[in-house]
Amino acid sequence: MNHIENKSRIDPELRDEMAKQNIFITSLDFIYNWGRRSSVWPMQFGLACCAIEMIAAAAARYDIARFGAELFRASPRQADLMIVAGTVTKKMTPNVVRLYNQMAEPKYVLAMGACAISGGPFIDGYNVLRGIDRFIPVDVYVPGCPPRPEALLYGLMELQKKIDSQTFTKAEWYQKGLKREFPVPELGPNGLIPKFNPEIWQPREQDARKTRYGQTVLTGKKQKAPRLEPVAVPPPPAA
Amino acid sequence: MDTQISEVKTQLETGLPDVKLRTIGNSILLENPEDLVRAAFFLKEAPAFRLDYLSSITAADYLDYLESVYHLYSMEKKTGPIVLRVRVKREAPRVPSLVPVYRSADLQEREAYDTFGIVYEGHPDLRRLFLWEGFEGYPLRKDYRQEDTDVLEIADIEWLEKHGVNVPEKFKTQARELAAAGKRALSEKPAQPRN
Ligand code: SF4
């Protein structure tokens, strides 16, 4: 990722000189982004095992509070960041999308773990969404199963870099006609309707899984049923 | 075959002489599913076993038949598990419910109903548990065909357009072709029975 560094264009010597006189100068962009980056409030919700690792990141040993992100808000209205921590089942997807829609701008999404990114170990599951980025835009992907708390913290630092690179004057959430609410999918007879939102995500032209394993996604599975009883061996014919 | 199973088998045979059963490995197969409640009640009450705890109900699809498997333990005697099996036809799988005997059967029977479609007769509230009402089919059966989640179908296109989403033309053509061929977008092959 290329980021614009959040650097003030003010001469540091001049700034220090003025600070001695109790005059502090800064640029609006710098202080605006500094304030946002230093208090990213995540939303308090976890979906599966990854959530445990997120909790560990919030607890004393890893202490996400060092990055100003310790206030896990119980309401999407007060949160800046949605950490999608865990397996998103199809049944849960409408709720996740709805929570995203309810968040106030500016909002960010961090997909934590293989499951939230792509379905992970459950990619072939009948009830697992293959990545939350099918329905909502994701800013940072933190791979791992589960990612260690350090990885989550690194993801948060990457997000802080992204926040820093945004300029106040061009911020998309101050533009007219910004559409960052996405239609909430419905539960259909075979899965979700729709299967994905083409405005946000589209399948790759070349699907590596399909080229490698063929159309049958489940290789070797479900093909045969085991036999419980030993097959009766016919007695050897009398000599 | 371990001793406890053979003991259970002999006791069942003497206590309920009209229940037909045989052993498979370390488990007991009741030939007639209708006998299940009687057998379970007998094992729960029999002073020699006191199998008072039903720890799990699972189901399995053997393609020729469906099976419902019960693991019974005794909290009092600290023994178990005793495994009971019943087999039912795939077309009309009906097994009597064990809820009247073991309260813990409730959610587990709902789970087996949800994923295998085994109907537990006499269950007080047989609904889908993990999946939602309106889901079609039973996904853990070996002939269940999962949808291909990378291909949009007509229903998806209609839904998206209703909600004001721009759908690229290539998805529309793909969906129309599928619908014209009368096909669904499926991602896996069904299992074949062993012959
Ligand atoms: S990525 Fe791994 S640890 Fe995280 S929710 Fe999925 S299975 Fe659990």
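**Reading the terms of a predicted model**

Biologist: Which residues is B:Q108 in contact with, leaving aside its neighbours within four places in sequence?

Modeller: B:Q108 is in contact with B:L54, B:S55, B:S56 and B:I57, where contact means heavy atoms within 4.5 Å. This is a predicted model, in which local features need pLDDT of at least 70 and side-chain atom pairs count only at pLDDT 80 or more, while totals for chains, interfaces and linings use all residues. Residues are numbered from 1 along each chain as its sequence is written, chains are lettered from A and ligands numbered from 1 in the order in which they are written, and side-chain values use heavy atoms, without hydrogens and water.

Biologist: Why is B:Q108 called buried?

Modeller: Buried means under 20% relative accessible area, exposed means over 50%, and partly exposed lies in between, with a 1.4 Å probe and protein chains only. B:Q108 has a relative accessible area of 18%, and is therefore buried. The residue is found in helix α3 of chain B; helices are DSSP runs of H or I with at least four residues, strands are runs of E with at least two, and both are numbered from the N terminus.

Biologist: Why is B:R50 called partly exposed, and why does B:L63 count as buried?

Modeller: The relative accessibility of B:R50 is 25%, so this residue counts as partly exposed. That of B:L63 is 12%, so B:L63 counts as buried. B:R50 lies in the loop between α2 and β3 of chain B and has a positive phi of about 50° although it is not a glycine. B:L63 lies in the loop between β3 and β4 of chain B, and its phi is also positive, near 70°, in a residue other than glycine.

Biologist: What makes a set of residues a nonpolar core?

Modeller: The set must consist of buried Ala, Val, Leu, Ile, Met, Phe, Trp, Tyr and Cys residues joined through side-chain atoms within 4.5 Å. The largest such core has 35 residues, of which B:Y70 and B:L98 touch the most other members. Elements of chain B that each supply at least two residues of this core include α1 (3–15), β4 (66–74) and α3 (105–116). A second, separate core of 26 residues includes A:M54, A:A69, A:Y108 and A:L152.

Biologist: Which residues does B:L98 touch, not counting residues up to four places away in sequence?

Modeller: B:L98 touches B:L36, B:V37, B:A40, B:L54, B:Y70, B:A105 and B:E109.

Biologist: How many residues surround the ligand, and which are the closest?

Modeller: The ligand is surrounded by 13 residues, the closest being A:C49, A:C50, A:A114, A:C115 and A:C145; a residue is near a molecule if one of its heavy atoms lies within 4 Å of it.

Biologist: How do the residues of the shell divide into nonpolar, polar and charged?

Modeller: Ala, Val, Leu, Ile, Met, Phe, Trp, Tyr, Cys and Pro count as nonpolar, Asp, Glu, Lys and Arg as charged, and the others, Gly among them, as polar. The shell divides into nine nonpolar, four polar and no charged residues.

Biologist: What is the omega of the cis peptide bond that joins A:E105 and A:P106?

Modeller: Omega is about -10° for this cis bond, and A:P106 is found in the loop between α4 (93–102) and β2 (108–112) of chain A. Another cis peptide bond joins A:I193 and A:P194, with omega about -5°.
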